[in-house]
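Please view the sequence and the model together.

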Amino acid sequence: MDPDLADINAEVVDLLRAAYQAPDAGLVLPLQATGTSGMEAGLAQLLEPGDTAIIGVNGFFGRRIVEIATRVGAEVVPVEADWGQPVANEHLMAALEAHPDARLMTVVHAETSSGALHPLEELGALVRDRDVLLMADCVTSLGGVELAFDAWGVDFAYSCTQKCVGAPPGMSPLAVSERALERVRRRTHPVPYSYDLQLLHDYWVKRPPVYHNTVPVLGIYALHEALREVAAEGLSARWERHARAGAALQDGVRSRGLELLANPEHQLPQLTAVLVPDGVDAKQVQTALLREHGIEIGGGLGPSAPSMWRIGLMGHNATVEVAERVLSALDAVL
Ligand SMILES: Cc1ncc(COP(=O)(O)O)c(C=O)c1O
């Protein structure tokens, strides 16, 4: 509650508005919890028991959205695509035609479990005049690829601090449209207390701030600093840096005869999913990269994932030099 922190909080909110390109959003703030809680906060605010939600699923995190929406009592209409493919916007729109009373449509902008980028701008244009809210999981996209919350007509976006924003984990930046806030105000069921957007607004935006919960002060300082770096670099320059790093890694992987999982037209720069060649022990390679080269890469997420390595080049790590380091370590280990 220190007044100096209130000033820093106000700057964090302004910097987040800039990062999301959301100057007109009804509310922008960092929730004091990780990306999963941002997801849950959105679903718990925008859905009431019995509401229909159309959810794009093309990997592990789309599946998690289905799981949480089901837990909040929604009627879920999943629209599926294969791992590595984006969910087709025409299939999402067909689901909306079949369920015109749907309250929410949700997609994962950057599916970290496969490296696929969703054409979110196009989806925003398609649903703009419809009576359905658009929610986007921007956990891996914020700060790494183009994202324009206002211009694309997104109603609820959540992200994290630990990926392309380049801060420690622990907070979930949210952007909420005025239209979505209006929908929340008309709810008949109460919202979960710790995710109550009005109460959070009264701490993060109202001055003097009203206590809601004790905030993670050190996480806020770190996010503040990371967002100042984002602003100093400039969004376009940051997206281009991620694009150059991703291209260097992906070209290098392909030139070694390895295959990528994602559809090349929808390949994320910041997350590269590499299919594990036959006869190679995926886990052994991950362990050797970590123990011998100090490089941690991921494996497939969840039981239905194809066998893969997932290499993230995000935030500070999104450079051609780091891509080259990863490639030579991979050469040594393979
Ligand atoms: C696309 C996506 N959504 C949601 C999450 C969950 O975020 P967190 O692990 O911060 O709870 C992640 C985490 O990697 C993610 O990549």
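## Basis of the model

The model is predicted: local features need pLDDT of at least 70, side-chain atom pairs count only at pLDDT 80 or more, and totals for chains, interfaces and linings use all residues. Residues are numbered from 1 along each chain as its sequence is written, and side-chain values use heavy atoms, with hydrogens and water left out.

## The ligand site

Around the ligand stand 13 residues, of which T34, T36, T112, D137 and K163 come nearest; a residue is near a molecule if one of its heavy atoms lies within 4 Å of it. This shell comprises five nonpolar, six polar and two charged residues, where Asp, Glu, Lys and Arg count as charged, Ala, Val, Leu, Ile, Met, Phe, Trp, Tyr, Cys and Pro as nonpolar, and the others, Gly among them, as polar.

An oxygen atom of the ligand lies 2.4 Å from a polar side-chain atom of T112. The side chain of D137 places an N or O atom 2.6 Å from a nitrogen atom of the ligand. The protein buries 87% of the 390 Å² that the ligand exposes when taken alone (Shrake-Rupley method, 1.4 Å probe).

## An open sheet

Three strands form an open sheet in the order β10-β12-β11, with antiparallel pairing. Strands are DSSP runs (E, at least two residues) numbered from the N terminus, and two of them pair if DSSP finds at least two bridges between them. The edge strands, β10 (271-275) and β11 (298-299), each pair on one side only. Two bridges join β11 to β12 (residues 308-312), and W309 in β12 is the bridge partner of G299.

Conventions
Helices (H or I, at least four residues) and strands (E, at least two) are DSSP runs, numbered from the N terminus. A polar contact is a pair of N or O atoms within 3.5 Å; within protein, one must be able to donate a hydrogen and the other to accept it, and residues adjacent in sequence count only if both atoms are side-chain atoms.
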